[in-house]
Amino acid sequence: MASDYGDEAGGKMMDDFMRFGERMGERAMYARAVQMRQAFESATRDARGVAGENPGKDDPPEWAKLDMQEFQRIEDYDSIKGVIEDRLGSHGVSSAWFADPETGREYLLFRIADAQEVWQSFDELARETDGIAAKAAERIREQRDKAPGRNRDGRTLDERAEQAREAAAALEAERPTSKALNREPRFQETRAK
């Protein structure tokens with residue numbers, strides 16, 4: 001599957017969209033894809049900005065950070081982090097995640113020397129998101145078409161209700177009409193002195 005989408009990140013994104021689409025519906029999946037694409041585009045701009053920061057300093061910082069707040073607002077943030085990590089890894093970028101307990105925000109830390117690969121990674125993810133979401137929706141529809149009634153009963157609601165009434169009546173007829181006491185032998189413990 002990774003070869004279908006360029007690398008593991010594309011395959012993970014496809015799986016993620018399919019799971020989300022099956023669980024929440026196609027419309028919600030497309031809305032989430034739009035949110036993800038916008039977040040990837042913002043991260044691309046931010047990473048480009050990081051590369052241009054501090055050009056005149058004698059001792060420039062070695063590491064930069066990207067605020068992941070926009071991604072954190074999207075449902076199932078952990079799976080999105082996995083997609084990002086895989087794409088950065090395919091570009092040879094070593095990164096780390098830092099969660100700030102005071103603000104509740106999480107940051108992606110990376111070397112400034114890798115900034116170009118970081119923004120290229122986010123740019124690729126932004127461009128691929130809509131296409132992968134469309135392919136996921138198509139696969140969900142294909143699966144639904146292959147097994148349209150796998151969880152459906154072919155009977156109408158009236159037929160099922162009538163059968164349930166008959167089964168309840170049969171169970172009621174089997175119950176005893178009087179409350180017979182059923183006594184079992186009592187066991188008593190005896191102790192020896």
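1. A charge sits over a ring if NZ of Lys or CZ of Arg is within 6 Å of the ring centre and within 35 degrees of the ring normal. In this predicted model, lysine 81 places its charged end over the ring of tryptophan 97, 5.0 Å from the centre.

2. Conventions. Residues are numbered from 1 along each chain as its sequence is written, and side-chain values use heavy atoms, without hydrogens and water. Local features need pLDDT of at least 70 and side-chain atom pairs count only at pLDDT 80 or more, while totals for chains, interfaces and linings use all residues.

3. The sheet is open and antiparallel, with 3 strands in the order E1-E3-E2. Strands are DSSP runs (E, at least two residues; helices are H or I, at least four), numbered from the N terminus; two pair if DSSP finds at least two bridges between them. E1 (63–67) and E2 (95–99) are the edges; each has a single partner strand, so one side of each lacks a neighbour in the sheet. E2 and E3 (residues 106–111) are joined by 5 bridges.

4. Phenylalanine 98 stands opposite tyrosine 107 in E3. Their rings are stacked, 6.5 Å centre to centre with 20° between planes. Rings of Phe, Tyr and Trp (its six-membered ring) pair if their centres lie within 6.5 Å; planes under 30 degrees apart count as stacked, over 60 as edge-to-face, the rest as tilted.

5. Phenylalanine 71 and phenylalanine 122 are both buried (under 20% relative accessible area; exposed is over 50%, partly exposed in between; 1.4 Å probe, protein chains only). Phe40, Phe71 and Phe122 form one aromatic cluster.
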